[in-house]
Amino acid sequence: MDFWTMIVLIAAIGAISDIIKTKRNNDIKKGKRNDNEVSQIVTGLNKRIENLETIILEKERIRRFEVLK
């Protein structure tokens with residue numbers, strides 16, 4: 001292998017590794033953004049579940065009193 005061919009190969013390998021690192025870092029950042037979105041969705045769903053539980057408990061309480069009448 002010629003000296004200049006070796007230099008070109010080393011430079012190409014370095015450039016390719018930088019491209020792969022950049023792509024991986026971008027994917028990690030997107031994953032963090034997705035985690036935040038998922039966290040917000042889960043928080044919203046938990047609030048809805050709490051509201052539904054409150055409604056159900058209130059209806060059960062009313063039903064118990066109607067049975068007594």
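1. The protein has a radius of gyration of 30 Å, whereas a compact globule of 69 residues would have one near 11 Å. This is a predicted model, and the value should be read as belonging to that model. Along its principal axes, the C-alpha trace spans about 100 × 15 × 5 Å.

2. How many helices and strands are there in the protein? There are one helix and zero strands. The helix, α1, covers residues 3-68.

3. On burial, the figure is brief: 0% of the 69 residues count as buried. The accessible surface of the protein comes to about 6,900 Å². Carbon and sulfur atoms account for 62% of that surface.

4. The charged side chains number 14 positive and 10 negative. The centres of these two sets lie 3 Å apart.

5. How many salt bridges does the structure hold? The structure holds one. In a salt bridge, the side chains of E58 and R61 meet at 3.1 Å, N to O. The side chain of E58 also counts as making a polar contact with the side chain of R61, at 3.1 Å. E58 and R61 are three residues apart in helix α1, which is about one turn of the helix.

6. Are E58 and R61 buried or partly exposed? E58 has a relative accessible area of 40%, so E58 is partly exposed. R61 counts as partly exposed because its relative accessibility is 44%. For both residues the reasoning rests on the cut-offs: buried means under 20% relative accessible area and exposed means over 50%, with partly exposed in between.

7. With a relative accessible area of 45%, K21 is partly exposed. The value falls between the 20% and 50% cut-offs, which is why this class applies.

8. Two C-alpha to C-alpha distances relate sequence to space. K21 and I7 are 14 residues apart in sequence and 21 Å apart in space. E58 and L9 are 49 residues apart in sequence, and the distance between them in space is 73 Å.

9. In short, the predicted model has one helix and zero strands, 0% of its residues counted as buried, and one salt bridge, in which the side chains of E58 and R61 meet.

Definitions and conventions:
Residues are numbered from 1 along each chain as its sequence is written. This is a predicted model: local features need pLDDT of at least 70, side-chain atom pairs count only at pLDDT 80 or more; totals for chains, interfaces and linings use all residues. Side-chain values use heavy atoms; hydrogens and water are left out. Helices (H or I, at least four residues) and strands (E, at least two) are DSSP runs, numbered from the N terminus. A polar contact is a pair of N or O atoms within 3.5 Å; within protein, one must be able to donate a hydrogen and the other to accept it, and residues adjacent in sequence count only if both atoms are side-chain atoms. A salt bridge is a side-chain nitrogen of Lys or Arg within 4 Å of a carboxyl oxygen of Asp or Glu. Buried means under 20% relative accessible area, exposed over 50%, partly exposed in between (1.4 Å probe, protein chains only). The radius of gyration is taken over C-alpha atoms; the globule rule is 2.2 Å times the number of residues to the power 0.38. Accessible areas come from the Shrake-Rupley method with a 1.4 Å probe; for residues, only the protein chains shown count as cover. Lys and Arg count as positive and Asp and Glu as negative; His and the chain ends are not counted. The place of a charge is taken as NZ of Lys, CZ of Arg, CG of Asp or CD of Glu.
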